[in-house]
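This report describes selected features of a predicted model. The sequence and structure come first, and the text follows.

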Amino acid sequence: MDTLNNLDGAILTIVTFVPTLGAILLLFFDRKNVRAIRAFALVVALVTFVLSLHLIAHFNSGRSDFQFLVNVPWIPSVGISYHMGVDGISVFLILLATILTPLAVLASWSVSTRAKEYFVFMLMLETGMIGVFVSLDLFLFYLFWEVMLVPMYFLIGVWGGERRIYAAMKFVLYTMIGGVLMLVAILALYFLHGNATGTFTFSYPEILAALAKGALVIDPRIELLLFAAFFLAFAIKVPLFPFHTWLPDAHVEAPTAGSVLLAGVLLKMGTYGLMRFSLPLFPKVSHIFGPFISMLAVVGIVYGALVAMVQPDLKKLVAYSSVSHLGFIVLGIFSFTTQGLQGAVYQMLAHGVSTGGLFLLVGMIYERRHTRLISEFGGLANRMPVFAGVFLFVTLSSIGLPGLNGFVGEFLVLLGTFGARPGYAVVAATGVILSAVYMLWMFQRVIWGEISNPHNEALRDIGSRERLTLVPLLILIVWMGMYSNHFLRPMDASIAKLMNRVERVNTESVRTATQLPQ
Amino acid sequence: MNIPEINLYSILPIVVLSVFGIAIMVLEPFVQTEKRSALGWLALAGTVVAGVAIVPMHNQPGQWYSNLWIVDDYSTFFHALFIFIAAMTTLISIDYLPREKMNHAEYYALLLFATAGMLVMAGSNELMMVFIGLEILSIATYVMAGFRRTDLRSNEAALKYFLLGSFASAFFLYGVALIFGATGSTHLISIGAATFLPDLQLPLVYLSAALILIALCFKVAAAPFHIWAPDVYEGAPTPITGFMSVGPKAAGFAVLFRIFVTAFPLIQDRWTDVMWVVAALTMILGNVIAVVQPNIKRMLAYSSIAHAGYIAMAFTTATNRGGSAALFYTLAYAVMSLGAFAIVTMLGRSEDGKVQLTDFAGLAARRPGLAALLSLFLLSLAGVPGTAGFAGKFFIFRSAVESGMTSLAVIGVLTTVVSFYYYLYVIVQMYMKDPAEDFGDVKLTPALGVALTIAAIGTLYLGVLPTRILEWTAGAALNFLR
């Protein structure tokens with residue numbers, strides 16, 4: 001039992017840094033031995049996944065606080081600690097990252113140019129992704145948030161498509177602008193907390209506790225600025241309309257695995273940040289701007305869907321569908337209802353699985369035909385029946401067919417939003433319909449019909465490695481669709497705590513508002 | 001008349017550097033041209049001995065030589081920094097000089113003298129001493145900038161630096177003369193005390209402070225007195241460019257801090273206002289203009305201007321924490337900038353010919369190690385977390401926010417985003433373009449290997465475990481700032 005407890009204290013460090021360790025070891029491989037390099041990368045990613053299972057196996061669903069805590073002073077004179085922990089929200093996002101990374105490695109099997117650097121960057125990216133979700137120190141969080149840009153920048157810029165340099169640069173600069181302003185806000189929060197309580201620390205739980213207890217009271221105008229800085233960083237990352245313009249470029253140019261991780265995990269950092277930091281730290285301003293942000297989310301849902309409909313390029317279509325789906329997540333978060341928040345987290349996971357799957361599938365036919373234009377395809381079902389079947393499955397999950405994973409999240413979000421802001425929910429629901437339109441229309445043009453393009457005559461169906469990449473996602477799609485409680489229950493306590501924080505402030509602010517006239 | 005007590009220990013590093021410098025000049029005629037690199041190693045030995053000599057110096061705290069000379073943690077820190085810079089520059093130069101067929105040992109002597117000049121600046125407690133240090137440094141640097149005698153650009157660099165530098169020196173002297181007229185002293189502490197006397201002529205103090213500030217802003221290449229820097233940095237031999245981007249800059253800041261905090265506390269609110277503008281302008285101009293530079297030496301020159309802006313921001317706060325952050329940043333900048341210049345020196349090849357950004361195309365495919373190292377230094381210069389550059393910027397922004405200069409911090413972080421563009425553009429060339437050549441003639445020599453190892457380890461160490469160095473800089477700044 002003792003060793004088990006020790007492991008609990010170290011598991012987050014291990015899960016976060018095993019990929020980095022693997023990346024460092026990978027540096028010593030002979031660069032010509034591509035087989036060994038990718039096999040090793042896969043082993044590292046799988047080991048990380050198995051280790052991350054410890055988190056869910058030993059996760060105590062009844063507790064709302066952070067678990068598997070580790071808290072070691074790092075730069076004590078500044079109040080920076082190596083402080084990590086997970087709750088019911090982040091534990092699943094870590095699993096999402098550790099599941100998608102091995103699949104991304106498998107999907108990169110055909111990468112042969114500079115394979116060593118490629119897998120080094122991919123493993124470093126995994127450390128960055130996990131690090132963002134486990135950090136409880138604001139400095140540490142910012143560190144992972146920014147560091148993670150570097151490997152992604154290389155993955156897009158070196159192994160991407162034709163306009164890869166433009167896309168990589170745009171990706172970094174957009175994310176940076178939001179990020180650096182968040183850094184200033186973090187610093188300001190640090191000093192506000194330090195001056196109010198006397199302890200200068202970047203510890204998120206401590207700052208949050210001071211806010212909740214009233215030991216730290218932030219001037220409303222300053223709170224607004226702080227909220228804006230955090231919000232901008234997260235909104236660009238999500239990306240929320242109108243900050244989404246980097247996403248289609250990055251997705252189209254990124255290699256398949258890059259797109260999978262970008263859509264699957266990186267975008268969730270933005271919505272995670274909104275839930276973890278924006279709402280609890282600045283509940284009042286969140287409430288005030290809730291309607292406005294929800295409006296942006298709804299516009300994003302409809303706009304993303306409409307633009308997706310007219311895309312000639314498969315990847316761009318999926319990219320815009322992400323803008324639409326991520327709008328649902330933001331809508332759920334800013335509905336300030338339990339169902340909305342639950343749905344948001346659920347949709348984060350579901351979107352990661354379905355969209356990750358879609359990008360994998362698009363990557364498979366791109367590898368065969370070196371084009372992603374919908375008009376180049378047609379009638380693929382005749383030559384690639386297995387592919388067509390899986391594609392249909394993932395498409396339906398992305399649309400949100402009841403019984404599959406996408407339905408639960410969207411339903412909960414709409415349910416929660418309907419209670420809070422019915423008008424928004426009605427408009428957002430059209431996004432569900434539109435998603436069926438553009439996805440099924442795309443599916444019809446690519447898969448059904450006769451083969452019109454002679455280039456598609458000789459296409460092979462997907463092989464065993466490709467099937468292996470897809471099977472875990474198919475299982476998850478069904479599992480998440482049928483047994484949503486397996487996923488919802490562990491996050492209950494954390495969501496209730498978040499709701500408690502958001503709700504109490506809301507009633508308080510209402511009370512003070514009604515008292516003001518007297 | 002009192003004969004001041006002579007305390008050789010308190011100036012031991014300067015003595016050591018000067019002795020080694022003179023020894024190198026005397027020895028040169030007796031050494032064959034092919035073997036002159038040995039004198040480079042001798043110069044390196046000189047910096048090591050001087051580094052060791054800091055210890056006895058540090059054990060003699062207080063004011064010496066009629067209070068002209070001060071030994072405190074602040075001057076010790078800068079002694080260590082300048083000697084480190086000299087050692088790194090020597091390592092970078094040892095194989096550069098034979099390659100460029102200008103293996104003259106007076107190069108090393110000049111480098112040691114310039115370093116001695118910086119040490120004089122760091123420990124001066126009096127304006128004329130500062131001036132002497134400044135001139136020892138400047139004259140040696142003018143010569144080194146023009147060291148490639150047959151190259152027009154190098155000559156242009158030297159002449160430009162000399163003419164404009166002379167103006168700056170004159171400004172400084174005018175400033176000294178005026179403050180002497182106003183307070184009757186050139187001693188910093190006496191000036192500081194005299195400014196609080198009732199019959200003070202305040203306009204003279206303002207004018208004097210302004211002139212001194214202009215002169216030192218010129219030396220550190222802060223906007224709007226930065227115009228000379230890009231041409232000089234481009235024309236000078238690459239190792240000297242590296243030296244100039246960190247050494248004289250740090251020395252300029254070292255005296256800037258000491259003079260203004262010790263001698264002009266009376267008008268602190270005014271000069272912090274001025275520095276606010278200087279810092280903002282320097283960060284904006286340096287970073288924005290760097291974006292369009294096609295030549296890496298010019299690009300690094302503008303980036304060096306931008307970094308002066310960040311240090312100036314820390315200075316603007318006029319707090320202990322700001323001072324500590326500034327000191328930390330000078331060290332971090334020295335480590336990463338020298339690392340970058342070591343690689344640029346190596347890749348420049350004959351006559352520093354290959355210094356266009358496009359000359360770096362495809363480096364990663366041919367020399368992955370070098371490309372990775374240069375990427376590390378560039379990412380650190382840009383300020384990616386986990387590197388020295390980020391830790392340094394973080395501490396500076398922290399001190400700025402603490403002092404309520406949030407808007408300056410916002411300007412700082414936004415210009416950092418701009419800087420990402422041009423640093424990443426070099427990485428674009430190295431990693432994302434097809435190789436134009438095979439880089440087979442790029443030689444990684446042992447001396448450069450040592451320099452790069454030190455720079456790389458330093459960059460990561462300062463970035464990941466900054467605590468000890470931060471404690472050091474905090475202690476060094478504490479002794480004299482408010």
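A residue is buried if 20 or more other C-beta atoms lie within 10 Å of its own, exposed if 12 or fewer, and partly exposed in between, with C-beta atoms placed from the backbone. A:Ile447 counts as buried because it has 21 C-beta neighbours inside 10 Å. The residue belongs to helix α18 of chain A, residues 422–447; helices (H or I, at least four residues) and strands (E, at least two) are DSSP runs, numbered from the N terminus. Setting aside residues up to four places away in sequence, A:Ile447 touches A:Leu380, A:Ala381, A:Ala388 and A:Phe391, where contact requires C-beta atoms, placed from the backbone, within 7 Å. From A:Arg38, A:Ile447 is 409 residues away in sequence and 32 Å away in space, C-alpha to C-alpha.

The model is predicted: local features need pLDDT of at least 70, side-chain atom pairs count only at pLDDT 80 or more, and totals for chains, interfaces and linings use all residues. Residues are numbered from 1 along each chain as its sequence is written, while chains are lettered from A and ligands numbered from 1 in the order in which they are written.

A nonpolar core is a set of buried Ala, Val, Leu, Ile, Met, Phe, Trp, Tyr and Cys residues joined through C-beta atoms within 7 Å. The largest one has 401 residues, and A:Ile94, A:Met122 and A:Val330 have the most contacts inside it. Helix α7 of chain A (residues 164–197) supplies the largest share of this core, 20 residues. Beyond its neighbours within four places in sequence, A:Met122 contacts A:Ala41, A:Ala104, A:Val105, A:Leu155 and A:Ala257.

In helix α8 of chain A, residues 204–213, the buried residues include A:Tyr204, A:Glu206, A:Ile207 and A:Leu211. Their cover includes α5, α7 and α11 (256–281) of chain A.

| Residue | Location | Phi |
|---|---|---|
| A:Gly79 | hairpin of β1(A) and β2(A), 4 residues between the strands | positive, near 85° |
| A:Gly214 | just after α8(A) | positive, about 90° |

Strands β1 (residues 67–75) and β2 (residues 80–86) of chain A run antiparallel and are joined by 6 bridges; strands pair if DSSP finds at least two bridges between them. Within this pair, A:Val72 stands opposite A:Tyr82 of β2(A).

The contact between chains takes 25 residues from chain A and 26 residues from chain B. On the side of chain A that touches chain B, α5 (138–147), α6 (149–159) and α7 of chain A each give two or more residues. The largest share of that side, 14 residues, comes from α7(A).

Notes
Two residues are in contact if their C-beta atoms, placed from the backbone, lie within 7 Å.
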